[in-house]
Amino acid sequence: MRQIKWIDGGKYNLEDSKRFIEFMQMKHPFCEEVNNKEYMDDVRLTYVELYGVDEKAIDISSEETFVKSFEALGMAEIIN
């Protein structure tokens, strides 16, 4: 199974990007419902506002492109 070394330094199993994003939401203490689109938009906004990442660099059109965006930025690594 593939793994992802995410921006928080943790390594997680990566069955697919959709499940990974759902997991990241569920582990958050204030998560009341899983909403991948909203989560991806919020994470992108955080990185734009706090870290100066270009908004266009984080693609939220799908879960797969979202994860690949962080890999392209060097903030995540997919380990096969």
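The cut-offs here are under 20% relative accessible area for buried, over 50% for exposed, and partly exposed in between, with a 1.4 Å probe and protein chains only.

Quick housekeeping before I go on. This is a predicted model, so local features need pLDDT of at least 70 and side-chain atom pairs count only at pLDDT 80 or more, while totals for chains, interfaces and linings use all residues. Residues are numbered from 1 along each chain as its sequence is written, and side-chain values use heavy atoms, with hydrogens and water left out.

Back to Arg44, then. What does its side chain meet? One partner is Asp41, in a salt bridge at 3.3 Å, N to O. By salt bridge I mean a side-chain nitrogen of Lys or Arg within 4 Å of a carboxyl oxygen of Asp or Glu. Asp41 and Arg44 sit three residues apart in helix H2, residues 36-51, so about one helical turn separates them. Helices here are DSSP runs of H or I with at least four residues, strands are runs of E with at least two, and both are numbered from the N terminus. Asp41 itself is partly exposed, with a relative accessible area of 37%.

Glu55 also makes a salt bridge with Arg44, this time at 3.7 Å, N to O. Glu55 lies in the loop between H2 and helix H3 (63-72) while Arg44 is in helix H2, so this pair ties together parts that are 11 residues apart in sequence. On accessibility, Glu55 comes out at 44%, which is partly exposed.

Now over to helix H3. Lys68 forms a salt bridge with Glu64, and the closest N and O atoms are 4.0 Å apart. Those two are four residues apart in H3, so again we have about one helical turn between them. Lys68 is partly exposed at 46% relative accessible area, and Glu64 is partly exposed too, at 31%. As for shared partners, salt bridges join Asp41, Arg44 and Glu55 into one network. How many salt bridges does the structure hold? Six.

While we're in H3, have a look at Ser69, which lies in that helix. Buried or exposed? Ser69 is buried, at 8% relative accessibility. Leaving out residues up to four places away in sequence, Ser69 touches Ala57, Ile58 and Asp59, where a contact means heavy atoms within 4.5 Å.

Okay, zooming out to the whole chain. We've got three helices and three strands, and from the N terminus on the order is β-β-α-α-α-β. For 80 residues, a compact globule would have a radius of gyration near 12 Å, and the protein has 12 Å, so it agrees. That radius is taken over C-alpha atoms, and the rule is 2.2 Å times the number of residues to the power 0.38. The C-alpha atoms fill a box of roughly 35 × 30 × 20 Å along the principal axes.

Of the 80 residues, 32% count as buried. Among contacts between residues at least 6 apart in sequence, 35% join residues at least 24 apart.
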